[in-house]
Amino acid sequence: MITFTSGNILFIGSILIFCSILITKAGGRFGMPTLLLFLVAGMLFGCDGLGIHFDNVGQAQFVGMVALCVILFTGGVETRISDIRPVLGPGLTLSTVGVLLTTLFTGGFIFALSEWELFSLQLPLITCFLLAATMSSTDSATVFNILRGKNMRLKNNLQPMLELESGSNDPMAYILTIVLIQLALTVGDASLSSLDTPKLVVDSLTILAQQFAVGAMIGAGAGFATGWVMNKVNLNNIPLYSIMLMSIVFFTFAVTDMLGGNGYLAVYITGIIVGNNRMKNRKQVVAFFDGLTWIVQIGMFLLLGLLVVPSEMWKCAVAALLIGLFMMLVARPLSVFMSLLPFKNINLASKSYVSWVGLRGAVPIIFAMYPVVENVPGSSEIFNIVFFITLLSLVLQGGTIAAAAKKMNLLLPPPEKSHFDVELPEDAGELSEITVTAELIESKGDTLQALGLPKGVLVMLVKRGDRYVVPDGSLKLHEGDHLLMVASSEIEETGR
């Protein structure tokens, strides 16, 4: 048995990360989601595998909290407000009503299973709904990673809707989990009838409103303040902008949490506002957070894989399999279709696809740690079942995301890959690319002068095969040349 110590943590950690990346390289050939492979790698190196012993739930929770802050902020930065504006209503409905309905349907099914004598799963009613609540939200890390990692483009604004749902549905799942933990610790089945239900509902709604309101206000305030600071502060070293922004992200989460709001929602909103406003050194900042996102995802999923004991998880595999299939095939579709009833413009194929992309990942596992930390009766069963269902979701749903979109005719052609790695200051103009065709040469001529570009539009660079050419007006154009053009900001503003 190998345990983590201050002396060997770098040694063991470096081997874990290196081997996990090699495993994902091999597994990627079979279309398996990358994050699933990191989970599996953690399990292979764990106590039932190569013998690395890690059982500190508190440390795993902390790593998960840090990782989710980075993941949600990065997802927000890369989200365009123009994309989410048309799906704001459906996305927020799914993240609130959808989560509640998923908990109700799944909790009822789990209780029915626990009453069935064929199963060893014997959980009180409240614990059944607590188990359902921990799994009720879709996982932002998994949704962002799979949708963007596969470079998919979906019709009907489905991608921003799914990302908005996964980025904003944690508060509802968190509140349901915390309230049900308190109920499980203070009451038993015998005293359920004596509960002050109206007070419980009012208290829960109050906490939920506070989580959303405080999280949204601090997130918006932090977003605008961060944009102002990032553009006003002049730092000598460009990498310091990214580090300063990272400190703001963690500060936003901590302050929001201390004031009773939802920190995850706050950092997601902060990211959206920062990403949709002018920002110095955007390319370097985005590259830093993309790399940091991969680091925290790897660390989080590896630790979660180390934390589980597979031999214990398989004891509840049958019940977990039934619960997982019920969630995927019944609870999630019912919740989605009922939540989206008011939105008549969303067609059947889109609703069906949203139903299938109910991905579970790190967030449900992290929420399942709360009952363990609070010593809720049956918490070990909750953790093992949630972990099993996460694996099931990543295999069945995560592995078929692209195939399902293609089957339902919801895929758009992939975006054309850029031939230039060039960035301008945001107020300097807009870059665009065109490819020279035989028709263009025949109709316009074979020189840059002949193209007759509008005033204020310049060709900066020409890529010809593997070479780059700095052009002038007399440059002869060849079919297949790629032209990098810049339009000045004045042209964009006046529309000339």
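Thr-79 is buried, with a relative accessible area of 4%, where buried means under 20% relative accessible area, exposed over 50% and partly exposed in between, for a 1.4 Å probe and protein chains only. The model is predicted, so that local features need pLDDT of at least 70 and side-chain atom pairs count only at pLDDT 80 or more, whereas totals for chains, interfaces and linings use all residues. Residues are numbered from 1 along each chain as its sequence is written, and side-chain values use heavy atoms, with hydrogens and water left out.

- Thr-79 lies in the loop between α3 (57-77) and α4 (81-84), the helices (H or I, at least four residues) being DSSP runs numbered from the N terminus, as are strands (E, at least two).
- Apart from neighbours within four places in sequence, Thr-79 is in contact (heavy atoms within 4.5 Å) with Ile-84, Arg-148, Glu-163, Tyr-268, Ile-272 and Asn-276.
- Ser-350, which belongs to helix α16 (residues 348-356), counts as buried because its relative accessibility is 1%.
- Once neighbours within four places in sequence are set aside, Ser-350 is in contact with Asn-156, Leu-158 and Leu-410.
- The side chains of Ser-350 and Asn-156 are joined by a polar contact of 2.9 Å, a term for a pair of N or O atoms within 3.5 Å, of which, within protein, one must be able to donate a hydrogen and the other to accept it, while residues adjacent in sequence count only if both atoms are side-chain atoms.

**Packing of α9 with α17**

- The axes of helix α9 (residues 170-186) and helix α17 (residues 362-373) come within 10 Å and cross at roughly 20 degrees, axes being lines fitted to C-alpha atoms, for helices over the stretch in contact, with angles from 0 to 180 degrees between N-to-C directions.
- That angle makes α9 roughly parallel to α17, since angles under 35 degrees count as roughly parallel, over 145 as roughly antiparallel, 65 to 115 as roughly perpendicular and the rest as oblique.
- From α9, Asp-170, Ala-173, Tyr-174, Thr-177, Ile-178 and Ile-181 meet Val-363, Phe-367, Tyr-370 and Pro-371 of α17.

**Packing of α6 with α18**

- Helix α6 (residues 125-134) packs against helix α18 (residues 379-396) at an angle of about 35 degrees, and their axes are 10 Å apart.
- This contact is made by Thr-127, Leu-130, Leu-131 and Thr-134 of α6 together with Ile-382, Ile-385 and Val-386 of α18.
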